[in-house]
Amino acid sequence: MTNATGKSMSLNRLRLFGLLPTWITIGVLMIGPLLIMAAVSLMEANVYGGVHLRFDVSSYVQILFDKNLFDETEFNPAYLIIILRSFMLALGATILALLIGFPAAYYIARQPDHRKNLLVFLITIPFWTNLLVRTFAWVIILGRGGFMDQVGSFLNIIGPDESINLMYTNTAILIGLVYSYLPLMVLPLYSSMEKMDVRLLEAGADLYANRFELIRRIILPLTMPGIIGGSILVFVPCLGAFIAPDLLGGGKKLMLGSLVQLQFATSRNWPFGAAIAMMLLAIVVIALMLNARAARRHAAYEQGGAEVTHG
Amino acid sequence: MASNLRKSKFRPIWDFPGFGGLTVGFFAFLYVPILVLVAYSFNGSKFAMVWSEFSWRWYLKLLENDDIHSAAINSLIVAFFAAPAATIMATLAALVMVRGGPFRSRAFTAGLITLPLMVPEIVTAVATLIFFALLNINLGLINIILAHTVFCIPFAYMPIRAALEAMDPGLEVAAQDLYADRWDAFRHVTLPLLTPGIMSGFMLAFVISIDDFIITLMVAGAGSTTLPVYIYSMIRTGVTPEVNAVSTLLLAVSVILVSVYWLLSSANRKGEAIG
Amino acid sequence: MKKLAKSMVLAIGSFAVAASAQASGKLNLYNWTDYTPTELIEKFEKETGIEVTLDTYDSNETLLAKLQSGATGYDIVVPSQHFVDIMVKEGLLMKVEGIADMPNYKYVDERFRNPPWDPNQAYSTPYQMGSASFAYRANSYDGNGSSLKEFFEPSAATCNKLAVFKSPDEVINMAHLYLGSDFCSEDPKEMQAVLDVMMKQKECVKVYSSEGINDRLKGGDVVMHAHWDGYSQVGVWEGIDDLTYAYPKEGVVGWFDSLVVPNGAQNVESAKAFMNFLMHPENMALLSNFAAYANAIPESVNYLSDDMKNAKNIQVPADVPVKFGQACNAKAQGLIDKVWTRVMQ
């Protein structure tokens, strides 16, 4: 560890000095709480809120099996339904975001430089504004007598006193989710598309490929890391979303995020809330690992391709 | 090379027709809700959704609303403490990560810094709540400042790191050739060049702190209501255009800050082209 | 850089000191949504010079959860009677010395002194009282609110135009009234019956919420809503002329709200000043004129507005029972939580 010159030692100390504040802050205020939350998920709930410091796995068991009113353990599909709903809505939102974002990302990537930067900036602006406010905009649009109803009656799609009745439905939540995280899909997509070599498209055209084949055989495989990256960036937050189901779903359609929040508000069941949160965390970790594996495979694929073209 | 081809009369096959239109649709989808929100804030009638006439009255009402004032002040106080703290830590970390050479905990540190971005916000919120509750930490607004600092760090880190990576290390070497010692080289060459990057990081951290909702909602105690949390309780009580007005102001602040960030970072990019 | 760091430390330090000192002259009030008239706050601020900040919650359960999660710093909170019981047992409340000696205590009605949930008048002073039931827009509804059946088994016309509270306490008690079982039942069979009633009702419920009730009724989103007597009267005053509060034959759920001081309150003197302030007839009348609820200060009648005197929705018909909620023991509370979780899924 010591070196001929004293320089190596002070370099180590400088590194420590630079990294220590970040280590301490994130360690104490993020890792610490996550560990404590993991511990709480294994504790016993106090009916009036809070926890008793006793080891108890019942909060995990509760996800699948619940003690009904007669204290008999029975299979409880209810939480599975919430999990399923969250998965379906998150998946749907991801696919929709992909469909909406793909053409736009492609088009912007093909623009001249100065316009590109401006357009990318315009995409990111909504991302930096308050999520609650942006979701609230949809409350106004979808609400009874709201913007959509007015447009609808103006275009004579619905009668003057009727309503499109989209509020408090799964569709409303879906729209809210797509809207919340759309920029997160477009940016990785765009970044992939920008890196794509146009000459490959030219080559494909030279080989008599039509537009669909171009998309299917060249563009899609090359932008796959962007697609996967963007999908994960949308899927994960959607899974744990709270605002969209709360404002647009009317509290009747729970998703995992609102389920967790409920346990720390009215339901007062901390261990159960912590258990669901741990489950969310596990899903995120799995998604990230899949992403890393796909990225590595794609890098190898690209490497192989580069060898062929430069070979 | 692509621009050469565009000059030809024929539309290249990879220029899909209709994608331009879809892009317009995309931006419409992105911005129309925000425009509707802003438009309805000027609605004279009491109902947020039924338009009657153009009026400033809701903005005037905001001026009288003491609760909104204290919520806004709380938001600013939190951001003014959390953002600089996060920026300082992020700068130090970025310097080490980019210039510190190889070291063992590099991967660990990289993971640690991006951890707040990866964990779903509701999980962070709940974990922080449990943490403060079980350890009996009740410092009011300071609780919120601590929580915000954590997730502001990665947002400050990204632009600073990007600026550092784009900076030519040869400049420092040149300074040392001119007999500056390491500390002087850092102080008079690196730091000034890094300043736009640091400012960008600060702006991002500030915006993220101002806009935070879920974490603040769960962690906030007495008298610690920030503006987004207050807006949430307004929405739940009843939807009047007053909510639109507050929301519009919050939107405006975010947009202005992000625009400043963007101008700073594009100036940065132009500066590199010259330097 | 060094100077910047130093001044930051100083700033943080002084801020921390200021935040924790929180000089007297401040009051952190945590109350139900739409339950605190601005006039009342302003009058209090003028008379005492104490600055008031207000946060709100939508149910007793939310209040309890908030206090349990260690969110201290509130000086006054406003729980219903059975939750005062729970909070005392959970050690969440601070004993307030000398309530009976407060100057305005003499205005409190004899019947409401030393109530069952605070027999030594050691924790609370009276706020307001009322009932929970359901309300409907008479012009769009052809029933007359004479039975809870209309609420739990809505007609085809009302289906999907019904909204119910977001928290279990009052709704489950209404189900008990409907089924004829006792509050705080520990019998799984009775609670299963409650669960069945609620699940059947759920098919027709559009939204579960305890906030923005009058807005929802006014906008026409729903025609029937779980409601409180006074708040429905406020709805009438706000322009929903046909909003009628139902007094079904099975009865309504009564509640009595009190002012209490939670542990960790920083401004106990301000809290006591507020408690005293609200026992004065004039101030309590101000509150009643705003929220349209009955109170425990008889002389406030002299200051009541005409609107209040003619308020139809808060007049309880003689033959309708009013049953007050009770603090359930852990077993009964556990059953309630199980039922509600299943309803909410």
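Visitor: How many residues does the contact take from chain A and from chain B?
Guide: This is a predicted model, in which local features need pLDDT of at least 70 and side-chain atom pairs count only at pLDDT 80 or more, while totals for chains, interfaces and linings use all residues. Residues are numbered from 1 along each chain as its sequence is written, and chains are lettered from A and ligands numbered from 1 in the order in which they are written. Two residues are in contact if their C-beta atoms, placed from the backbone, lie within 7 Å. On that criterion, the contact takes from chain A 70 residues and from chain B 70 residues.

Visitor: Which helix gives the most to the side of chain A that touches chain B?
Guide: Helices are DSSP runs of H or I with at least four residues, strands are runs of E with at least two, and both are numbered from the N terminus. Chain A has 12 helices and four strands. With 16 residues, the one that gives the most to the side touching chain B is residues 7-40 of chain A, helix H1.

Visitor: How many residues of the side of chain A that touches chain B are nonpolar, polar and charged?
Guide: Ala, Val, Leu, Ile, Met, Phe, Trp, Tyr, Cys and Pro count as nonpolar, Asp, Glu, Lys and Arg as charged, and the others, Gly among them, as polar. Sorted in this way, that side of chain A has 52 nonpolar, 14 polar and four charged residues.

Visitor: Why does A:Ser267 count as buried?
Guide: A:Ser267 is found in the loop between H11 and helix H12 (270-310) of chain A. Leaving aside residues up to four places away in sequence, A:Ser267 touches A:Leu262, C:Asp337 and C:Thr341. A:Ser267 counts as buried because its C-beta neighbours inside 10 Å number 22.

Visitor: Which residues touch the most other members of the largest nonpolar core?
Guide: A nonpolar core is a set of buried Ala, Val, Leu, Ile, Met, Phe, Trp, Tyr and Cys residues joined through C-beta atoms within 7 Å. Among the 278 residues of the largest one, those touching the most other members are B:Val126 and B:Ala156.

Definitions and conventions: A residue is buried if 20 or more other C-beta atoms lie within 10 Å of its own, exposed if 12 or fewer, and partly exposed in between; C-beta atoms are placed from the backbone.
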